[in-house]
Amino acid sequence: MIKEETRATLTFEDFKTEVLNDYKIAITSRECSLLGRKEVLTGKAKFGIFGDGKEVPQLAMAKYFKNGDFRSGYYRDQTFMMAIGELSIQQFFAGLYGHTDINHEPMSAGRQMGGHFTTHSLNEDGTWKNLTRQKNSSSDISPTASQMPRMLGLAQASKIYRNIPTLAENSNFSINGDEISWGTIGNASTSEGLFFETINAAGVLQVPMVLSVWDDEYGISVHAKHQTTKESISEILKGYQREGNSNGIEILKVKGWDYVSLIETYEKASKLARETHTPVLIHVYQLTQPQGHSSSGSHERYKDAARLAWEKDFDCIRQMKLWMIAINIASPEELEEIDAKAKQEVLDAKIVAWKAFINPIIEEQKELVTLLERLAPASKNKDRILKIISDLNRIKNPLKKEILVAARTILRLVTNENSKIELSKWIISYTKKTEKNFSSNLFSESGKNIFSVKEVLPEYHRDSKEDTDGRMILRDNFDAIFTKYPEALIFGEDSGNIGDVNQGLVGLQEKFGELRVADVGIREASIIGQGIGMALRGLRPIAEIQYLDYLLYAIQIMSDDLATLQYRTVGKQKAPLIIRTRGHRLEGIWHSGSPMGMIINAIRGIHVLVPRNMTKAAGFYNTLLECDEPALVIECLNGYRLKEKVPVNYGDFKTPIGVVETIKKGTDITLVSYGSTLRLVYQAAKELHEIGIECEIIDIQSLLPFDVNHDIVKSIAKTNRLLIIDEDVPGGASAYILQQIIENQDGYKYLDSKPQTLSAKAHRPSYGTDGDYFSKPSIEDIYEKVYAMMNEANPSKYESLY
């Protein structure tokens with residue numbers, strides 16, 4: 001591909017060479033789509049979703065995509081990835097087959113379906129590559145429009161790098177903030193709220209983002225008239241159009257089959273975004289989708305004859321051919337020769353990809369068959385085993401599942417025979433070897449994971465104040481963080497000017513500037529997206545969601561994008577975003593919820609930390625900034641003005657993650673809780689002490705991960721009783737905690753009484769102090785629950801209260 005800066009001096013021969021190269025990429029991509037669909041229909045691949053019909057505009061976009069730039073797209077962009085040199089034909093088919101070898105299928109090692117693209121940002125040891133020396137693609141996800149929030153953050157990173165001088169040395173991530181975040185989305189997906197939220201935020205922030213809308217008039221089978229007002233996204237966004245010195249976005253519109261106009265449009269968009277950091281939306285219309293939405297259906301079912309005829313005529317590759325012939329770039333015969341060579345090249349690469357995928361599995365099939373044939377003759381179930389061997393042998397293209405099913409079925413038949421030992425060893429070894437291809441890298445496996453950071457206790461002078469508001473502990477620790485880490489920044493609703501609603505950031509915007517301590521609008525999903533995108537580019541963002549209940553607006557982005565990032569890239573990308581919020585107890589249905597069960601089960605892949613006070617919270621922030629993993633920190637909403645002792649080693653003391661803390665010793669019962677509720681538990685335990693019941697209280701501190709040292713079960717071994725106190729709904733987080741203790745830690749072995757939970761009611765908390773009292777566990781509830789458990793154990797000593 002000819003560089004942008006030399007384009008103006010092209011000779012006709014140079015121009016011809018470039019155009020023909022573009023055409024070859026386009027026709028190669030189309031052949032991949034056509035043959036890919038056949039591979040699905042013949043059963044070699046499970047599902048296919050392809051980029052046919054979008055080839056020519058993607059070629060134009062690729063011409064202005066430079067090293068350091070990032071793509072945040074969706075599953076139609078195969079031509080673009082081929083054009084920038086980050087997707088080969090063989091890799092395309094490896095993705096279609098779900099090849100679990102990252103060397104063959106570098107996008108996700110088979111963890112995502114084909115069409116989901118990524119580049120590798122990390123070295124083998126988890127350290128950053130120099131992202132300015134390569135073309136970058138953030139890892140795609142399937143949920144529609146979910147690439148939008150991340151796209152915003154990728155663009156905002158350029159603004160941060162350009163405008164914060166202390167980051168000039170971070171040359172691995174940016175060169176003067178010149179990098180563009182290139183996004184793609186289908187026209188139907190622009191109906192999603194995530195699209196509008198992100199477009200609005202981009203217009204406010206003024207960041208270098210170029211978004212292409214691929215418009216083929218349909219969303220699966222649903223026409224644009226049912227999707228979009230006026231059937232045109234560019235029409236309804238006209239109010240966002242920048243005018244004069246106002247903020248906003250630049251809106252461009254271009255036909256998707258017009259090769260020359262597409263190049264001109266993308267050149268204009270690139271220049272505007274790269275130089276002035278103006279966000280640009282390019283509405284690419286009059287596109288087609290020749291094979292329909294995916295391999296699971298045919299578009300002939302919902303498109304009439306006139307539309308199908310138009311799509312055939314205005315297929316972008318056909319129109320490019322006609323244009324090339326018209327201006328004598330190539331003759332029909334020359335183009336037919338290119339077509340034939342591309343078709344053969346795709347077929348050859350497909351065969352190579354299939355053999356690379358299937359041959360190792362066939363070898364595993366042969367290995368098992370050899371073992372089974374050796375043990376079958378001596379078995380009393382010889383005939384049944386030989387039948388299974390025969391069935392396994394007949395599978396021409398075996399799955400790993402089919403191999404293991406055969407082995408495990410035969411294991412049952414030889415349970416009481418000597419051959420069981422050899423077979424069981426084979427099954428264990430094969431399962432261990434194979435499972436890691438599907439289950440590794442949910443969390444970081446680098447040397448900077450959470451377990452690499454050792455605890456550092458807060459240090460105190462003899463004359464340290466003991467009556468300082470917890471919010472000031474946080475504020476002064478954040479001050480130390482932003483001084484220590486120039487790449488750290490925080491943003492959220494009311495985080496900047498007033499220093500957050502609870503004054504944990506008061507005065508810091510004035511000290512560190514509006515880019516590092518920033519206010520944002522009320523748009524939780526794109527706040528998280530800002531954080532993901534900036535973290536992908538080497539910054540250390542802290543995204544603040546004002547209250548825990550508001551996290552629900554962002555849970556989908558957290559769950560589908562951030563939580564799966566290291567897993568779906570097999571550790572080749574990371575976004576160590578810290579999400580800060582506060583919760584549990586305030587007033588009313590939407591400000592005092594504790595939906596912890598929902599959160600911890602939706603965001604596996606993100607650590608969930610629940611500090612009981614602000615010193616513990618500050619220690620978590622200090623720990624996380626030395627790690628490369630994302631986390632959610634939930635501060636106690638009613639703890640900001642409670643008094644704490646002032647440490648002297650701000651920024652350096654560290655709360656360990658995954659480690660519980662025993663905050664009161666006891667011998668009669670183990671009480672397990674976290675966060676704000678611990679204060680109630682502690683008070684109830686003091687009152688129970690007065691009647692001779694000694695409670696051991698354990699602060700969980702982090703729900704994900706949970707008690708990695710199994711300290712809770714050690715307590716239960718002493719007390720023989722367990723009560724979990726939680727202010728989530730019944731069966732919410734308390735069920736998870738109980739499962740961890742009883743099943744994972746084998747706590748059931750030491751129990752003399754039934755383990756119990758005390759949770760909030762099934763409904764949201766009612767308003768006011770009385771609402772809180774009757775909706776969530778109180779001191780009296782805790783006291784009486786413990787007393788009832790002791791009454792059951794020793795009714796003569798603890799007579800029933802009721």
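A cavity here is a set of grid points where a 1.4 Å probe fits but cannot get out. I kept that in mind while going through this predicted model.

**Entry 1**

I began with the cavities. I counted four cavities of 30 Å³ or more. The largest cavity holds about 60 Å³ of space. I then listed what surrounds the largest cavity and got 13 lining residues. Gly95, Glu105, Met107, Gly115 and His116 lie nearest its centre. By class, I noted seven polar residues, five nonpolar and one charged in the lining of the largest cavity.

**Entry 1: the largest pocket**

Next I turned to open space. I read a volume of about 560 Å³ for the largest pocket. Its lining runs to 29 residues, and the closest to the centre are Lys46, Tyr97, Gly98, Phe357 and Leu399.

Which helices each supply at least two residues of this lining? I found H4 (89-97), H11 (332-375), H13 (400-413) and H14 (420-439). H13 gives the most, with five residues. I sorted the lining of the largest pocket by class: 15 nonpolar, nine polar and five charged.

Why does the largest pocket lie between domain 1 and domain 2? I checked who contributes. Domain 1 (12-119 + 128-293 + 303-330) and domain 2 (351-435) both give residues to the lining, so the pocket lies between them.

**Entry 2: the second largest pocket**

I moved on to the second largest pocket, with about 440 Å³ of space. Here 24 residues form the lining, and Arg612, Asn613, Thr615, Lys616 and Glu644 are the closest to the centre. I traced the lining to elements as well. Helix H21 (614-624), strand E16 (643-644) and helix H22 (677-689) each supply at least two residues.

The class count for the second largest pocket came to 11 nonpolar, nine charged and four polar. I asked the domain question again. Domain 3 (466-645) and domain 4 (662-793) both give residues to this lining, so the second largest pocket lies between those two.

**Entry 3: H22 and its partner**

I looked at how H22 passes helix H26 (residues 779-793). Their axes come within 8 Å and cross at roughly 50 degrees.

Which residues does a cis peptide bond join? I found Leu704 and Pro705, with omega about -5 degrees. Pro705 lies in the loop between strand E20 (702-704) and helix H23 (711-719).

Gln286 is not a glycine, yet I read a positive phi of about 55 degrees for it. I placed Gln286 in the loop between strand E8 (280-285) and helix H9 (305-313).

Technical notes
Residues are numbered from 1 along each chain as its sequence is written. This is a predicted model: local features need pLDDT of at least 70, side-chain atom pairs count only at pLDDT 80 or more; totals for chains, interfaces and linings use all residues. Side-chain values use heavy atoms; hydrogens and water are left out. On a 1 Å grid over the protein atoms alone, a cavity is a set of points where a 1.4 Å probe fits but cannot get out, and a pocket is an open set with protein on both sides within 12 Å along at least five of seven lines; lining residues have an atom within 4 Å of a point. Grid points are joined across faces, edges and corners, and a volume is the space filled by probe spheres set on the points. Helices (H or I, at least four residues) and strands (E, at least two) are DSSP runs, numbered from the N terminus. Ala, Val, Leu, Ile, Met, Phe, Trp, Tyr, Cys and Pro count as nonpolar, Asp, Glu, Lys and Arg as charged, and the others, Gly among them, as polar. Domain bounds come from an automatic or database domain assignment. Axes are lines fitted to C-alpha atoms, for helices over the stretch in contact, and angles run from 0 to 180 degrees between N-to-C directions.
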